[in-house]
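Work through the exercises below with the sequence and coordinates open. Each task is followed by a solution in steps.

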Amino acid sequence: MTIEERKYPGELASPQQLHELAEEYRKAANLLLQQGRPGKPLTRAPFRLSAIHAIELYLTALLLHCGHNPNQVRKMQHDLSARTEHALAAGLRLRAKTATHLQSLSQNREYLVTRYGPELAATASQINRLTATLEEVAAKVKILMALPPKTPRQSELAAGEV
């Protein structure tokens with residue numbers, strides 16, 4: 001008897017499908033942003049979670065579009081810094097402030113803080129910065145996704161870097 005290998009959710013998703021999903025999370029984040037109240041950081045948590053997730057999906061879509069191995073991308077877990085590094089190498093050009101913010105999101109573990117750390121809500125990055133990062137990533141990934149896929153160099157494939 002053979003046990004059929006279980007597929008990981010999203011394993012068979014195309015880069016376009018992931019990009020479409022990122023777009024929906026971005027739209028949801030923008031709607032949730034309107035629900036936040038000044039001086040009440042917890043009311044911004046749903047926006048933060050949707051925005052960070054949208055960014056992760058945009059970067060994942062781009063990496064897959066560029067030929068990165070889905071298993072290697074999944075091994076990055078929620079590390080936006082690693083995804084950003086690979087996306088930059090694949091041709092994504094971000095403003096220095098945006099690239100730095102993506103690194104700080106990972107270093108400060110904002111994805112986890114947003115999900116599980118209400119006591120740390122006031123320490124998260126500024127809403128304006130997160131909004132700007134989301135919009136820049138969305139716009140620039142959209143442009144690159146419209147281009148023919150750029151495939152990784154053979155040396156990267158041989159080294160298992162993708």
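Helices here are DSSP runs of H or I with at least four residues, numbered from the N terminus. Lining residues of a pocket have an atom within 4 Å of one of its grid points. The model is predicted.

**Exercise 1. The largest pocket**

Task: Describe the lining of the largest pocket by element and by residue class.

Solution:
1. The volume of the largest pocket is about 430 Å³.
2. Its lining consists of 18 residues, and those nearest the centre are Tyr8, Pro9, Glu56, Arg74 and Arg83.
3. Two or more lining residues come from each of α1 (15-33), α2 (45-65) and α3 (70-74).
4. The most is given by α2, with 5 residues.
5. By class, the lining holds 9 nonpolar, 5 polar and 4 charged residues.

**Exercise 2. α1 against α2**

Task: Determine how α1 and α2 are oriented relative to each other, and which residues make the contact.

Solution:
1. Two packed helices are described by the angle between their axes and the distance between the axes.
2. For α1 and α2 the angle is about 160 degrees and the axes are 8 Å apart.
3. Angles over 145 degrees count as roughly antiparallel, so α1 and α2 are roughly antiparallel to each other.
4. The crossing of α1 past α2 is left-handed.
5. On the α1 side the contact includes Leu18, Leu21, Ala22, Tyr25 and Ala29; on the α2 side it includes Phe47, Ala51, Ala54, Leu57 and Tyr58.
6. The contact of α1 with α2 divides into 16 nonpolar, 5 polar and 2 charged residues.

**Exercise 3. α2 against α7**

Task: Is α2 roughly parallel or roughly antiparallel to α7?

Solution:
1. The axes of α2 and α7 come within 10 Å and cross at roughly 25 degrees.
2. Angles under 35 degrees count as roughly parallel, which makes α2 roughly parallel to α7.
3. The handedness of this crossing is left-handed.
4. Among the contact residues are Ala51, Ile55, Tyr58 and Leu62 of α2, together with Leu130, Leu134, Val137 and Val141 of α7.
5. The residues of this contact comprise 17 nonpolar, 3 polar and 1 charged.

**Exercise 4. α5 against α7**

Task: Classify the orientation of α5 and α7, then list the residues in contact.

Solution:
1. Helix α5 spans residues 96-107 and helix α7 spans residues 127-145.
2. Their axes come within 10 Å and cross at roughly 115 degrees.
3. The range from 65 to 115 degrees counts as roughly perpendicular, so α5 and α7 are roughly perpendicular to each other.
4. The crossing of α5 and α7 is left-handed.
5. From α5 the contact takes Lys97, Thr98, His101, Leu102 and Leu105; from α7 it takes Arg129, Leu130, Thr133, Glu136 and Val137.
6. The contact of α5 with α7 divides into 4 nonpolar, 3 polar and 3 charged residues.

How values were computed: Residues numbered from 1 in each chain as written. Predicted model: local features only at pLDDT ≥ 70, side-chain atom pairs only at ≥ 80, totals over all residues. Heavy atoms only, no water. 1 Å grid on protein atoms, 1.4 Å probe; cavity = no way out; pocket = protein on both sides within 12 Å on 5 of 7 lines; lining within 4 Å. Points joined across faces, edges and corners; volume = space filled by probe spheres on them. Nonpolar A, V, L, I, M, F, W, Y, C, P; charged D, E, K, R; others polar. Axes fitted to C-alpha atoms, helices over the stretch in contact; angles between N-to-C directions. Left-handed = near helix turned anticlockwise from the far one by under 90°. Contact = heavy atoms within 4.5 Å.
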